[in-house]
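Take a look at the model below. We start with the terms, then turn to the pocket and the sheet.

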Amino acid sequence: MGQLTMSRTEREAFLAGLHVGVLAVPGEGAPVCSPIWYDYEPGGDIHVILDPRSRKGRLLEDGLPVTFVVQDESPPYKYVTVEGTASLAGAKTEEHLRPLARRYLGEAEGDAYADSSPVEGACRVSIHPTRWMTSDFAKGQ
């Protein structure tokens, strides 16, 4: 294990923290990458919700290899990169969007967001991690 590498417990705790992730999917030429809200419980899959009509949504399919990155932009810097496979399912406002919006916006603003942006017809992408890469620059100090 490298000097800056996070342990499994550290990387899972970091990923479970409140960050904006970047989901990268294979594109026509270059990968398609964009910031996105996500949910993660240590030991589980990463979950995001997206519009299946978006460029990324049109490219995704079950079993597709994807990359997901989360970083801390404040020194000392750290990041977790996850490679995995995507599984697609329908998203539901109450079951998926409301908890996700509350995670990022708090209860009142999250509820207002979920009420104004129902996701029936949207896609819930579950990313099953198969490879992790991490770095915590605090360990080098």
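Ala, Val, Leu, Ile, Met, Phe, Trp, Tyr, Cys and Pro count as nonpolar, Asp, Glu, Lys and Arg as charged, and the others, Gly among them, as polar. By that scheme, the lining of the largest pocket holds 10 nonpolar residues, 2 polar and 1 charged.

This is a predicted model, where local features need pLDDT of at least 70, side-chain atom pairs count only at pLDDT 80 or more, and totals for chains, interfaces and linings use all residues. Residues are numbered from 1 along each chain as its sequence is written, and side-chain values use heavy atoms, without hydrogens and water.

Now the sheet. It is open, with 7 strands in the order E2-E1-E5-E6-E7-E4-E3 and antiparallel pairing. Strands are DSSP runs of E, at least two residues long, and helices are runs of H or I of at least four, both numbered from the N terminus. Two strands pair if DSSP finds at least two bridges between them. Strands E2 (32-36) and E3 (39-40) stand at the edges with a single partner strand each, so one side of each has no neighbour in the sheet.

Antiparallel strands E6 (residues 78-90) and E7 (residues 123-136) are joined by 13 bridges. Here Val 82 stands opposite Trp 132 in E7. Helix H3 (residues 93-105) packs on the sheet and touches E3, E4 (46-50), E6 and E7; contact means heavy atoms within 4.5 Å.

Back to the pocket. E2 gives the most to its lining, with 3 residues.

Technical notes
Axes fitted to C-alpha atoms, helices over the stretch in contact; angles between N-to-C directions.
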